[in-house]
Amino acid sequence: MHRIAEFEAVSFTQFKMGAESCQVPLYGERLQQAYQKLMLPARATTGSAGYDFYSPFSFSLSTRETITIPTGIRVKIEPGWWLGLLPRSGHGFRYRIQLDNTMGVIDSDYYNAENEGHIMVKLTNDSLTGKHLRVNEGDSFVQGIFLPYGITVNDKAEGARTGGFGSTDR
């Protein structure tokens with residue numbers, strides 16, 4: 001097994017900024033309590049490939065509703081690896097919960113972004129049967145899997161990340 005990454009909480013200031021940008025209904029003391037209860041992603045079993053991310057607050061999604069979750073988490077990843085984010089298998093199977101970007105890609109240099117590498121997750125309930133999803137505070141709602149990657153022999157990438165989502169093509 002390769003030990004190539006480490007999860008951390010972002011600062012409270014960054015968590016608050018993320019919650020405000022996502023219009024999460026947590027303010028003042030409730031926001032501080034949510035931050036203090038943040039749980040780092042963890043595997044459920046020794047054979048699990050995915051690290052479960054836990055919701056910092058309760059939420060529900062009806063059919064065709066979307067929500068963006070500020071996880072309060074960032075990850076330091078060794079070069080040559082990336083973190084792929086996917087819905088929990090059961091949520092995808094039972095509710096058709098989907099990440100709006102299909103699969104989240106967390107690059108190793110995202111850790112140093114201006115937003116402290118704060119991982120945000122945008123979910124949509126795309127149920128065709130009208131099923132309603134309820135996630136309680138502390139429940140796992142998405143999973144992350146570390147994957148290696150390669151580069152071409154003639155790779156000439158020299159850019160440096162400064163921003164967050166979509167910043168590398170600006």
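The model is predicted: local features need pLDDT of at least 70, side-chain atom pairs count only at pLDDT 80 or more, and totals for chains, interfaces and linings use all residues. Residues are numbered from 1 along each chain as its sequence is written, and side-chain values use heavy atoms, with hydrogens and water left out. The protein chain has three helices and eleven strands; helices (H or I, at least four residues) and strands (E, at least two) are DSSP runs numbered from the N terminus.

**Overall architecture**

- From the N terminus on, the order of elements is β-α-α-β-β-β-β-β-α-β-β-β-β-β.
- Along the principal axes, the C-alpha atoms fill a box of roughly 50 × 35 × 35 Å.
- Of the 170 residues, 42% count as buried; buried means under 20% relative accessible area, exposed over 50%, and partly exposed in between (1.4 Å probe, protein chains only).
- Of the contacts (heavy atoms within 4.5 Å) between residues at least 6 apart in sequence, 77% join residues at least 24 apart.

- Three strands form an open sheet in the order 4-9-7, with antiparallel pairing; two strands pair if DSSP finds at least two bridges between them.
- Strand 4 (66-70) and strand 7 (97-99) stand at the edges with a single partner strand each, so one side of each has no neighbour in the sheet.
- Neighbouring strands of this sheet are turned by 30° against each other on average, direction ignored. The axes behind this angle are lines fitted to C-alpha atoms, for helices over the stretch in contact, and angles run from 0 to 180 degrees between N-to-C directions.
- Strand 4 is joined to strand 9 (residues 120-125) by five bridges, and the two run antiparallel. Thr-66 has Thr-124 of strand 9 as its bridge partner.

**Strands 1 and 5**

- Five bridges pair strand 1 with strand 5 in the antiparallel sense, and Phe-7 stands opposite Val-75 in strand 5.
- Strand 5 (residues 73-77) is largely enclosed by the rest of the structure, because four of its five residues are buried.
- Glu-8 lies in strand 1 (residues 5-9). Leaving aside neighbours within four places in sequence, Glu-8 is in contact with residues including Leu-40, Ile-73, Arg-74 and Tyr-111.
- The side chains of Glu-8 and Tyr-111 are joined by a polar contact of 2.9 Å. A polar contact is a pair of N or O atoms within 3.5 Å; within protein, one must be able to donate a hydrogen and the other to accept it, and residues adjacent in sequence count only if both atoms are side-chain atoms.

**Helix 2**

- Leu-31, Ala-34 and Tyr-35 are the buried residues of helix 2 (residues 28-36). Seen down the helix axis, they fall within an arc of 100° and so line one face; the arc is that of the directions from the helix axis to the C-beta atoms.
- The cover over these buried residues includes strand 1 and helix 1 (12-21).
- Exposed residues Glu-29, Arg-30 and Gln-36 are carried on the face turned away from the buried side.

**The loop at Ser-55**

- Ser-55 lies in the loop between strand 2 (51-54) and strand 3 (59-61) and is buried, with a relative accessible area of 3%.
- Beyond its neighbours within four places in sequence, Ser-55 is in contact with Val-135, Asn-136, Glu-137, Gly-138, Asp-139 and Phe-141.
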